[in-house]
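Open the model in your viewer and keep the selection panel at hand.

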Amino acid sequence: MFQWLYDVLWRFVPVLIRHRLRKRAEKSPAYRENWGERFGKPHPHPVSGAIWIHAVSVGETRAALPLVNELRQRFPGVPLLITQMTPTGRETAQAVFPDAQCRYLPYDRKAWVRQFLREHRPLFGVLMETEIWPNLMTACREEGIPLFLANARLSEKSLKGYLKILSLIRPAAASLSGCLAQTEADAARLMRIGVRESSVCGNTKYDMMPSESMNILADKFKKRIGGRPVAVCGSTRVYKGEDEAEKLLAAWRKYRGNALLVIVPRHPEHFQTAFETAERFGFKVQRRSDGLPVAADTQVWIGDSMGELHAYYLSADVAFVGGSLVDSGCQNIIEPLSCHVPTIFGFSTYNFAQACSHALEAGAAIQVDSADGWREAVESVLAQGGSGAPMSERIEKFISQHRGASGRMAEMICQTVRNADSVCE
């Protein structure tokens, strides 16, 4: 019943999707580009026989990098196909994987996904994190294309939603060739929606290290900023009408030191809003894009750029991870920790529940329940010497203990594909 209804809906839903994309394009013009790829239009020069990685947006694309590096060691000379669902994800993929073919994954209408699979004929596919597309997953099984869910996670909130349509989700989940979960809890929840077997491998994000280009850019940021302490708020969110940057800026009005507050919104359509909010609160504010040195009396610097978050964190004495003082589940806390920066996050952590819990247990991070609590934590960390404090030693130990997930996942993928066709080295 659900499968029939799902397929019927895909006859009508594209009209609504096009309307939504037009609305989003009013704030982010990139949504107007490459529409055909989303709606089943064949690619003019499709790469064939590739390692196919589907990474929805920026975070998943970055998390795929260490896994891709491991896979390329095992499948030398095999081309790379990267698919996304967002313009920012596509832009990130083009920067991180310059030799890959990057395109949007078609929406889950049967004819569109079959067209995609038959024109590309990937060697195998990897869906990063939590991507359940019933028609795509079933079509991969029918076409004999091994498909894996990697870095897989499933929150209790998402589980409840999937259980309501279990008759649709279960066959799709059962069609996977492998499920490589982040935690035991994720594995157990994934098996409840029909995954036949789930292996716990850890989180590839612990294997991410700032690139040389990010270190170089961070040095440039530090020169622009001067010798002042720096508090970075990365990936701030606007969620269900709540503006996280506004909360942080309101709390920062009570700060009396000389640290520079850096606000880096998660989405580019919020760059201007963050700038205007800072001005409205009476701060002297500049933008990263102005190319100018940060003036000594500038209080807030807006990071209006994409793909540079590691460089902002490398410039910081203390970091806050956005999406945690609004109820959107927290962005990636591992990014600032991998830069050995004392890290603060808020009350909403369901997207990174285990990482947050383990970081707190290791003394590698601080949790707060309000923007005022964040400001007080920043002041405390800076008073202890910022990134030079003993906390950095605990962070380094914490990160090193959790590395290696990418290699474990790549080896399991390789073994499964090898059983079907001897292509691994």
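How much space lies in the largest cavity? About 120 Å³. Before selecting anything, note that this is a predicted model, in which local features need pLDDT of at least 70 and side-chain atom pairs count only at pLDDT 80 or more, while totals for chains, interfaces and linings use all residues. Residues are numbered from 1 along each chain as its sequence is written, and side-chain values use heavy atoms, with hydrogens and water left out.

**Stop 1: the cavities**

The structure holds two cavities of 30 Å³ or more. A cavity is a set of points on a 1 Å grid over the protein atoms alone where a 1.4 Å probe fits but cannot get out; a pocket is an open set with protein on both sides within 12 Å along at least five of seven lines, and lining residues have an atom within 4 Å of a point. Volume is the space filled by probe spheres set on the points.

For the largest cavity, select V58, R62, S235, V264, P265, R266, S305, M306, G307, E308, L309 and Y312, which line it. Helix α3, strand β11 (260-265) and helix α13 each supply at least two residues of this lining. Helices (H or I, at least four residues) and strands (E, at least two) are DSSP runs, numbered from the N terminus. The lining divides into six nonpolar, three polar and three charged residues.

Next select T236, R237, V238, D243, A245, P265, H270, T273 and A274, the lining of the second largest cavity. About 40 Å³ of space lies there.

**Stop 2: the largest pocket**

Select V56, S57, E60, E131 and R153: of the 45 residues lining the largest pocket, these lie nearest its centre. The elements giving two or more residues to the lining are α1, α3 (58-74) and α7. The pocket has a volume of about 1400 Å³. Colour the chain by domain: at least three lining residues come from each of domain 1 (25-202 + 404-423) and domain 2 (212-398).

**Stop 3: the second largest pocket**

This pocket has a volume of about 440 Å³. R62, V96, S211, M214 and G307 lie nearest its centre, among 18 lining residues. Show α3, α4 (87-96), α10 (212-225) and α13 (309-314), each of which supplies at least two lining residues. The largest share, five residues, comes from α4. Here too, domain 1 and domain 2 each give at least three residues to the lining.

**Stop 4: helix α8**

Select residues 166-174, where L166, L168, I169, A172 and A173 are buried (under 20% relative accessible area with a 1.4 Å probe, protein chains only; exposed is over 50%, partly exposed in between). These five cover an arc of only 155 degrees around the axis, which puts them on the same side of α8.

**Stop 5**

Go back to S235, one of the residues lining the largest cavity. S235 lies in strand β8 (residues 230-236) and has a positive phi of about 55 degrees although it is not a glycine. At 5% relative accessibility, S235 counts as buried.

Last, select C330, in the loop between β14 (318-321) and α14 (334-338). C330 is not a glycine either, yet its phi is positive, about 85 degrees. Its relative accessibility is 1%, so C330 counts as buried.

Notes:
The arc is that of the directions from the helix axis to the C-beta atoms. Domain bounds come from an automatic or database domain assignment. Ala, Val, Leu, Ile, Met, Phe, Trp, Tyr, Cys and Pro count as nonpolar, Asp, Glu, Lys and Arg as charged, and the others, Gly among them, as polar.
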